[in-house]
Amino acid sequence: MKYSNFMEVTFKALSVNEGFARVCVASFCVQLNPSVDEITDIKTAVSEAVTNCVVHAYPSSVKGDVILRCELEDDLVTITVTDKGVGIKDVEKAREPFYTSKPSEERSGMGFTVMESFMDDVRVASNSFGTSVKMTKKISQACEQVVG
Amino acid sequence: MQIKSRVHGGVLYVLLCGELDEHSATYTRITLDEIFDKPDFNKIVIDLSELSFMDSTGIGVLIGRYKRMKDKSISIYIANPSAHAEKIFKMTGLYDIMPKIV
């Protein structure tokens, strides 16, 4: 490994913070010189993961934290979105296309499918104390001046 | 999110400007329903040329509007999606119910 960097931010699980999360990760990843398509893919995956925290993690009116971590190792971007909410009862089911636990709310049920399509790898760990979504994506032509 | 609309020749043209995500979904849903409830058109074109971001929440919003208009036999079409939006539409099969027009 030649190049390594990371950032981590914590914010309240409110929908108004989704745009902040997207811009935050995109701005940090710019140092690898990703393509516009790659940045858009990453922003979308982050948006999906944070939306899950906002909508599902904290069912009561008291919203908890979302921890957004982005690590860069050479040309690999690793993003971890963690909450300390109620967890996902059936992760396998939740990852199925078009599945939603809230069918009355006009939700597409495509959040995890979008994450899986736009990132190279998506791993989900969940229990009754919270959920962590870890996503990786390789930047095709990472800036040589940075990663060497 | 800003939403502009006009009716021309029996077609309702709706322009979505900004970002369509969980934060803007409720406003978008309510505003589109208010616009769609007017009776002076028989076809809807949603123009996405000014939409700078959309995730799967946006798909849920669009499918919801499709279901409402299907009951009134009014078709909805998508115009000028970004390459990114197009990727999501193809992945989710949205074009099967809201065809793209050039």
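Let's start inside chain B, where B:D33 and B:R65 are both buried. This is a predicted model, and in it the two residues form a salt bridge whose closest N and O atoms are 2.6 Å apart. The bridge links distant parts of the chain: B:D33 belongs to helix α1 of chain B and B:R65 to helix α2 of chain B, 32 residues apart.

How exposed are the two ends? B:D33 is buried because its relative accessible area is 14%, under the 20% cut-off, whereas B:R68, at 31% relative accessibility, counts as partly exposed.

## A network that reaches chain A

These bridges belong to a wider set. A:E106, B:R29, B:D33, B:D37, B:R65, B:R68 and B:K72 are linked in a network of salt bridges. The member from chain A, A:E106, has a salt bridge to B:R29 with an N to O distance of 2.7 Å.

Another bridge between the chains pairs the side chains of A:R107 and B:E22 at 3.0 Å, N to O. A:R107 sits in the loop between α3 and α4 of chain A and B:E22 in helix α1 (residues 22-36) of chain B, so the pair joins two chains. B:E22 is buried, with a relative accessible area of 14%. Over all chains, the search of the structure finds 20 salt bridges, and six are found across the interface of chain A and chain B.

## The interface as a whole

How many residues of each chain take part? On the chain A side 25 residues are in contact with 20 residues of chain B. Together the two chains bury about 1,700 Å², with 55% of that area on carbon and sulfur atoms. Three residues, A:R22, A:E106 and A:F118, supply 30% of the area that chain A buries against chain B, more than any other three residues.

Polar contacts join 13 residue pairs between chain A and chain B, counting residues at pLDDT 80 or more. On the chain A side, the elements giving two or more residues are α1 (18-29), α2 (36-57) and α4 (111-118). Helix α2(A) makes the largest contribution there, nine residues. By type, the chain A side that touches chain B divides into seven nonpolar, 10 polar and eight charged residues.

Helix α3 of chain B, residues 83-92, has B:H84, B:A85, B:E86, B:I88, B:F89 and B:T92 as its buried residues. Their cover includes parts of both chains: α2 and α4 of chain A, together with β4 (51-54), α2 (56-70), β5 (75-79) and β6 (100-101) of chain B. Just after the helix, B:G93 takes a positive phi of about 75 degrees.

The structure holds two aromatic pairs over all chains. In chain A, the rings of A:F11 and A:F20 have centres 5.9 Å apart and planes at 90 degrees, so the pair is edge-to-face. In chain B, B:F89 pairs with B:Y95, with ring centres 5.4 Å apart and planes at 70 degrees, so this pair is edge-to-face too. Which of these rings belong to buried residues? A:F11 is buried at 7% relative accessible area, while A:F20 counts as partly exposed at 41%. B:F89 is buried at 0%, and B:Y95 counts as buried at 17%.

## Two places in chain A

A:T100 lies in the loop between α3 (91-94) and α4 of chain A and is buried, with a relative accessible area of 17%. Its side chain reaches the backbone nitrogen of A:K102 at 3.0 Å. Leaving aside neighbours within four places in sequence, A:T100 is in contact with A:R107 and A:G109.

A:K138 is found in strand β5 (residues 130-138) of chain A. Not counting residues up to four places away in sequence, A:K138 touches A:E38, A:D75, A:L76 and A:D120. From A:T10, A:K138 is 128 residues away in sequence and 24 Å away in space, C-alpha to C-alpha.

Key: Residues are numbered from 1 along each chain as its sequence is written. Chains are lettered from A and ligands numbered from 1 in the order in which they are written. Side-chain values use heavy atoms; hydrogens and water are left out. Contact means heavy atoms within 4.5 Å. Buried area is the accessible area (1.4 Å probe) that two parts lose on being put together, summed over both. A salt bridge is a side-chain nitrogen of Lys or Arg within 4 Å of a carboxyl oxygen of Asp or Glu. A polar contact is a pair of N or O atoms within 3.5 Å; within protein, one must be able to donate a hydrogen and the other to accept it, and residues adjacent in sequence count only if both atoms are side-chain atoms. Helices (H or I, at least four residues) and strands (E, at least two) are DSSP runs, numbered from the N terminus. Ala, Val, Leu, Ile, Met, Phe, Trp, Tyr, Cys and Pro count as nonpolar, Asp, Glu, Lys and Arg as charged, and the others, Gly among them, as polar. Rings of Phe, Tyr and Trp (its six-membered ring) pair if their centres lie within 6.5 Å; planes under 30 degrees apart count as stacked, over 60 as edge-to-face and the rest as tilted. Buried means under 20% relative accessible area, exposed over 50%, partly exposed in between (1.4 Å probe, protein chains only).
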